[in-house]
Amino acid sequence: MALAIGVDQRALHASSKASLNGLKQGRPEKVYPTAKSKAQESIIPWPSIFQSLTGPNSRSDENAILPTIAECAVHLELLQCFHTLRAEVLKSITLDKTFGIVAKPQIIVRKQYYGPAKTIKKKDPTFATRRKEKWPLFLDLAVVRFDRWFFVADSALADPTKENALGLVLPPLDVLMVWHSLLLNPKYFQSYCRRKSLKNMPEVAFPWQAIHEAIDNNKWLYNLPTTSSTWWEQRLNLPSDIFDYLTTTSKQPTVQGILTSYGTKTLTQAKISQSLNTQGLSTDDTAFIRIFSATLANFPDYIQLAAAVERQASFVQKMDAQLWIRSPALCGTLRRAQDRYNKFLKLFKLYPGTMLVPTLDIDLVWHTHQLSPKRYIDATVDIAGRFLDHDDKLGKGTLDEGMEKTKNLFRVRFGKEYAVCNCWDCEALLDAVERRNEGTDNGTASDFKLAAEQVADGVMFYRAVEVARRAGKPLPTRVEK
């Protein structure tokens, strides 16, 4: 498509990279006025993309059983929140102290030929590595919290007197992260629910509207509603915001002692039992300490759940790198991804027994689909001819071989390229071409060259806004001073 305007894709990407580097270094190609108020700031993503979350699904075609563009957009928001949470845990100095992860500098005494010996303090070479251990420690707590919540939520849904019960128990972000990863292993999810005799949660779709309303998409923070927070703390006697709790300095001494032992890997069941006998422990402190007994038990489900979250970390990083949620072509990107995913599912029926590998955009829609388990089962049986599991444990060699087969089959069956570039520039340019083909560009571009220039200007502005946002600077605006 880049060839249609006389510029190859490599040149397009080189120009884009140069523009982005210039922005980061304070040498933008174009200087925009600064927004003087919130009203002048550009809203990215535009709220209209989420409107279908609140209304009934009016689609009558086969896409009606596929994820909506709005659901995929909220999924992108949620993945950004997961990315932010992990970054906050890893960089938190307060959490280092909570878990007893401290630097242990080496003291070296060097004798001098003349005068007293010289004492040198050398940095702890293991400290940076040990700081990274906070994440698996945090994740183990999240897994136990999820397991407790999942059972209680299933019971709450079974109570016919409590309509929309799930809306009252929207889980904290760490728990939502584990639920998310569990659902992305469909067969294991079904096994997990059967073994625990959970009959209601397998029917529950991800509460996209509630999740969207809980997200601050300016800073990618997740704010649990007060009703959900209260429900969580009253029913489970656990802090709703585990990160906030762990980074609060005024904890009960016995609890802090448990946390330090946990972080330094010296915690034992005996120490937990002894702590539970401490006089003056509140009900909440007791419930929190009991969590650690479960983390030490090494239950197979807990190990698998933690591993499932870790496997999704690379996908979260890829979504952060693509940052489609801030793209000027967000709607077009997700609409095309939805269509490509539909075709991807059809290949399973056309070529049974063949291992097919998704591209990144198709994988996003596939993941979003799995987060509504009942709809996912119905759709895959209908379109793919069978229920499809999602194996995120395959190695690179197997995936590369499957990708080559999928490329060829997709090209043969649908006459289109399978592996396409989804960067902001290419997606925005594709949007412009589609608008021209549909006659919806209002005649503003007389040729492809002018259309490409308009696209480049639009992408440049969106990049300028995102660079300013990340730097904590006032946002650029297109509103005239």
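Please keep in mind throughout that the model is predicted.

The largest pocket has a volume of about 820 Å³, and its lining is made up of 28 residues, with Val357, Pro358, Asp363, Asp391 and Leu399 lying nearest the centre. Helices α15, spanning residues 300–322, α17, and α19, spanning 396–414, are the elements that contribute two or more residues to that lining, and the largest share, five residues, is supplied by α15.

I turn now to α17, which runs from residue 360 to 370 and is mostly covered, ten of its eleven residues being buried. Among the buried residues of α17 are Trp366, His367 and His369, along with Asp361 and Asp363; Asp363 is also one of the residues that lie nearest the centre of the largest pocket.

My last point concerns lysine 343, which sits in helix α16, residues 330–350. Is this lysine buried or exposed? Lysine 343 has a relative accessible area of 15%, and because the cut-off for a buried residue is under 20%, lysine 343 counts as buried. Its side chain makes a polar contact, at 2.7 Å, with the side chain of aspartate 339. In an α-helix there are 3.6 residues a turn, so residues three or four places apart point the same way. Once neighbours within four places in sequence are set aside, lysine 343 is in contact with Phe410 and Phe414.

Methods: Residues are numbered from 1 along each chain as its sequence is written. This is a predicted model: local features need pLDDT of at least 70, side-chain atom pairs count only at pLDDT 80 or more; totals for chains, interfaces and linings use all residues. Side-chain values use heavy atoms; hydrogens and water are left out. Buried means under 20% relative accessible area, exposed over 50%, partly exposed in between (1.4 Å probe, protein chains only). Helices (H or I, at least four residues) and strands (E, at least two) are DSSP runs, numbered from the N terminus. On a 1 Å grid over the protein atoms alone, a cavity is a set of points where a 1.4 Å probe fits but cannot get out, and a pocket is an open set with protein on both sides within 12 Å along at least five of seven lines; lining residues have an atom within 4 Å of a point. Grid points are joined across faces, edges and corners, and a volume is the space filled by probe spheres set on the points. A polar contact is a pair of N or O atoms within 3.5 Å; within protein, one must be able to donate a hydrogen and the other to accept it, and residues adjacent in sequence count only if both atoms are side-chain atoms. Contact means heavy atoms within 4.5 Å.
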